[in-house]
Amino acid sequence: MDLIQQLIARAKENKQRIVLPEGTEERTIKAADQLLADQVADIILIGNPTEIEALAAKFGLSHIKKATVIDPKSHPKKAAYAELLFQLRQKKGMTPEKAAVLVENPLYLGSLIIKAGDADGEIAGADNTTGDVLRPALQIIKTLPGISCVSGAFLIFLKDKSYGENGLMLFADCAVMPNPTAPELAQIAISTADTARHIAGIEPRIAMLSFSTKGSASGEQVEKVVEATRLAKELRPELAIDGELQADAAVVPSVAQKKAPGSAVAGKANVFVFPNLEVGNIGYKMVQRFGGAEAIGPLLQGMAAPVNDLSRGCSVEDIYKMVAICCNQAIAVKNRK
Ligand code: ACO
């Protein structure tokens, strides 16, 4: 069974409640129907019930009736969620009036449903930008204890199985933090290690990437990666983590032998931590497009409950897989408690 099939099977065994705020978006509603048919998750669709019913009829979706549909304009808990938003954000200038408006925004409502304990995770972004999906989640759901920095990892399935873990690698951060500081980069490494263990099911060997290997170059950017490596090791001494490493030294044994002899990671890394978002985002897209790798994500990590962002070019299948992954993230969060 491949990794995604395993994640789907695990989701079915321990069903989670997943909110889909873009409940009237065509690919989302089709994915929801299939997820309900396969009993992967309990689905909460946000949207106008009449519109959802009409779309289900138009596309012949017979399982949507098993979803919980929440009309953002009128539902029994609307006032309670607005009050929750006001309480959570009043120090940031939230007023009851603003909360009453924002609670009708499906992306805010999705995060509030999770914060109130009425759902376990959320997937959105088929119709909305990354920033619009993330902002309410960051403001309302917040981070896990000990983590202040949410980041985004990709599962990268390479054609060449000699790299990573039989061709599987994790890349981070490719989605959230434009320019992390050294302490933030250390947190990204730790969150990605947890994603590697709990979602990919592999023991991480983490390369902190740079244009320098073990002092071959110097400067501010190199120092940031060296410091992040030191901090990550201090925080989680049990992790196999090394840096600063160039990408070839991280995955090619012969280069590793020359540039970083004796490293427990160099030449066999299965996790790449990029120094900033520009490199991470461009890097994963190049591996995907030029290398023909399959890239699944971003899996947002470090949030107190999982919220994942879709690409606006996503397919029904992408949404289905992301819901299965989100269920596994929700299970991992609950297991921490
Ligand atoms: N981790 C934890 N909390 C965060 C993070 C983070 N990474 N970033 C922001 N926050 C919190 C802030 O502390 C703040 O909380 P507060 O209001 O309670 O004080 C809240 O979120 C809002 O912070 P802002 O800085 O005002 O957030 P802003 O809306 O400006 O930006 C965002 C946050 C949207 C994540 C921004 O960093 C961003 O746009 N990142 C890039 C996303 C992107 O475009 N990625 C590339 C595309 S994705 C892809 O290709 C796969």
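Which element gives the largest share of the shell around the ligand? That share, five residues, comes from α7. The structure is a predicted model, in which local features need pLDDT of at least 70 and side-chain atom pairs count only at pLDDT 80 or more, while totals for chains, interfaces and linings use all residues. Residues are numbered from 1 along each chain as its sequence is written, and side-chain values use heavy atoms, with hydrogens and water left out.

**Shell around the ligand**
- There are 22 residues around the ligand, and Arg89, Arg135, Lys142, Val150 and Ala175 come nearest (a residue is near if one of its heavy atoms lies within 4 Å).
- By class, the shell comprises twelve nonpolar, five polar and five charged residues; Asp, Glu, Lys and Arg count as charged, and Gly is among the polar ones.

- Oxygen atoms of the ligand lie 2.6 Å from a polar side-chain atom of Arg89 and 2.3 Å from one of Arg135.
- A nitrogen atom of the ligand lies 2.7 Å from a backbone N or O atom of Val150.
- The ligand on its own has 1,000 Å² of accessible area, of which the protein covers 64% (Shrake-Rupley method, 1.4 Å probe).
- Two or more residues of the shell come from each of α7 (130-140) and α12 (277-291); helices are DSSP runs (H or I) of at least four residues, numbered from the N terminus.

**Surface patch**
- Ile282, Met286 and Phe290 form a nonpolar surface patch with about 360 Å² of accessible area together (residues with over 30% relative accessible area and no salt bridge, nonpolar side chains joined within 5 Å); a salt bridge is a side-chain nitrogen of Lys or Arg within 4 Å of a carboxyl oxygen of Asp or Glu.
- Phe290 lies in helix α12 and counts as exposed because its relative accessibility is 72% (exposed means over 50%).

Methods:
A polar contact is a pair of N or O atoms within 3.5 Å; within protein, one must be able to donate a hydrogen and the other to accept it, and residues adjacent in sequence count only if both atoms are side-chain atoms. Patches are made of residues with over 30% relative accessible area and no salt bridge: like charges are joined within 9 Å, nonpolar side chains (Val, Leu, Ile, Met, Phe, Trp, Tyr) within 5 Å. Buried means under 20% relative accessible area, exposed over 50%, partly exposed in between (1.4 Å probe, protein chains only).
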